[in-house]
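Dear colleague,

I am handing over the structure below, together with some notes on what turned up in it. Please read the notes with the model open beside them.

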Amino acid sequence: MDHDSPRRIETGVTGLDDILSGGFPVGQMYLVEGDPGTGKTTLAMQFILAGAGRGGRSLYITLSESRDELESSAKSHGWNPQNLPIAEFVPAEANLNPKEQYTIFRPSEVELSDTIQKLTTVIDEVKPDRVVIDSLSELRLLASDPMRYRRQLLALKHFFAGRDCTVLLLDDRTADGSDTQLQSIAHGVLRLEKMHRSYGTTRRQLEVVKLRGSAFREGFHDYSILRGGLCVYPRLVAQEHIAAFAGERIQSNLPGLDKMFGGGVNRGTSSLLIGPSGCGKSTMAMVFANAASQRGERAIVYVFDEVLRTAQDRLESIGIPVRDEIAKGNLRMTQVDPAALSPGEFAAQIRADVEANNTRVVVIDSLNGYLTSMPGEKDLSVHLHELIAYLNQRGVATFLIYTQHGLVGNMQTEVDISYLSDTVVLLRYFEAAGSLRKLVSVVKQRVGNHEDTLRELRITNKGVQIGEPLTSFRGVMTGVPEIQSTSGAKA
């Protein structure tokens, strides 16, 4: 243990402690800022409840919402309101009784000082080790000018100094822009943001703007508000998850296909299966996943594009008994809704499954669906790079499906992601003898030798078959091949 690192206090929010390297340093004042609806109050209640659960003394001071509103919010998350110690402050100016309102003095001259005095009195009586003040916008409105507001906050900071009390100040950023003066007073700043998408759920992100004298994970981290509170998904850093594994090859149980890969697919590598719609990309990935599950290894398939039942029916119809393997627990197929998913949450799901179940094969079907869960194409390669690097370093064989536009001839790709994969498998249609046929070829493999031939792929109700190399054709990749004679001349 590093004796120079500050003592920390748990936040009560899943994932946030990881970002903060264990939690908030004890005895400091922190600013939690965000627009209305970002979950500031929910986070603050989790912070208070975490302290109460450990037998500590906590206090939630509300200047905006009423006790009834807070207790109702706590019940909606399944929390017991009795575990939430609330001190309700209602400024006299907000009281409709004329006798309770000031008529001689300016309210700003009296209300702020009275509120601060009552607040400090309550804290001296309770002597809490955790305090939440919700929210600073009310104190800002009571102040006559920004200078007085800042001085009162400085006085409040000095009041808490030496009391071994960790304080969260909530601010809804109703003031113009970000209050940089307030950020300079706080020991740490936590910002919650939400981004509206054209379709689907709102995407929420968290950022630790600063944390004095303490390490933390920088950058933006996705989070969601669920029943039970905020769930934060720390940004995935692949270098933090290096694990030793045997450098062996996994096989598909199809001799022709394994021969194309030089004996099978290497563990700890990613394979990109790319081609037009319906050419057999998903089926080929499922051949490897099903073979792994039959060997007793754990495999998981994330399905973006198909309905799960349809995908399973299709695989059963071509002789891949996925339902038997699912019943055994070796194979799992899960439906993914990109409209209700953030990239951070998806990466967290994969990481949790790999580490909890020792998953050895992961299939993402498809990257086109994964792309729709991104805020923009520029983020795809960044998120995907870390996710693939993480899976590679855990010894997982990853299969990525990507659908190109078109059916024959020149295929078009929205985003070039082939450089992220260790192995690239190309699938195409071609016309021969009056019928549409399929071909498969391994065009790239970073580890080990591989075939550079083109083989025919057949998918029937008896299963998947890999044919012999297509040596009697030329121009197969164009979709309209020409038959050539054995001498090599065009027939």
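What volume does the largest pocket have? The largest pocket comes to about 300 Å³, and please bear in mind throughout that this is a predicted model. Its lining is made up of 19 residues, among which Phe-220, Arg-235, Leu-236, Gly-344 and His-383 are the closest to the centre of the pocket. Four elements each supply at least two residues of this lining, namely strand E9 (203-211), strand E10 (220-226), helix H12 (343-357) and helix H14 (377-393), and of the contributors to the largest pocket it is H14 that gives the most, with five residues. By residue class, the lining of the largest pocket divides into nine nonpolar, five polar and five charged residues.

The second largest pocket holds about 260 Å³ of space and is lined by 17 residues, with Gly-278, Lys-281, Ser-282, Glu-306 and Arg-314 lying nearest its centre. The elements that give two or more residues to the lining of this second pocket are H9 and strand E18 (397-403), and the largest share, three residues, comes from H9. The lining of the second largest pocket divides into four nonpolar, seven polar and six charged residues.

Of the 13 residues that line the cavity, Ser-282, Met-286, Val-301, Arg-314 and Asp-365 are the closest to its centre. Helix H9 (281-294), strand E15 (298-303), helix H10 (308-317) and strand E17 (359-365) are the elements that give two or more residues to the cavity lining, which divides into nine nonpolar, one polar and three charged residues.

Arg-191 is found in strand E8 (residues 188-195), and, because its relative accessible area of 16% is under the 20% cut-off, Arg-191 counts as buried. The side chain of Arg-191 is joined to that of Glu-33 by a polar contact of 2.9 Å. Ser-270, in turn, lies in strand E14 (residues 270-275) and is buried as well, with a relative accessibility of 0%. Leaving aside residues up to four places away in sequence, Ser-270 touches Ile-388, Asn-392, Thr-398, Leu-420, Ser-421, Asp-422 and Thr-423.

For the protein as a whole, the secondary structure comes to 14 helices and 24 strands, and buried residues make up 51% of its 491 residues. Among the contacts with a separation of 6 or more, 68% are between residues 24 or more positions apart. The accessible surface of the protein comes to about 22,500 Å², and 49% of that surface belongs to carbon and sulfur atoms.

With best regards

Conventions
Residues are numbered from 1 along each chain as its sequence is written. This is a predicted model: local features need pLDDT of at least 70, side-chain atom pairs count only at pLDDT 80 or more; totals for chains, interfaces and linings use all residues. Side-chain values use heavy atoms; hydrogens and water are left out. Buried means under 20% relative accessible area, exposed over 50%, partly exposed in between (1.4 Å probe, protein chains only). Contact means heavy atoms within 4.5 Å. Accessible areas come from the Shrake-Rupley method with a 1.4 Å probe; for residues, only the protein chains shown count as cover. On a 1 Å grid over the protein atoms alone, a cavity is a set of points where a 1.4 Å probe fits but cannot get out, and a pocket is an open set with protein on both sides within 12 Å along at least five of seven lines; lining residues have an atom within 4 Å of a point. Ala, Val, Leu, Ile, Met, Phe, Trp, Tyr, Cys and Pro count as nonpolar, Asp, Glu, Lys and Arg as charged, and the others, Gly among them, as polar. A polar contact is a pair of N or O atoms within 3.5 Å; within protein, one must be able to donate a hydrogen and the other to accept it, and residues adjacent in sequence count only if both atoms are side-chain atoms. Grid points are joined across faces, edges and corners, and a volume is the space filled by probe spheres set on the points.
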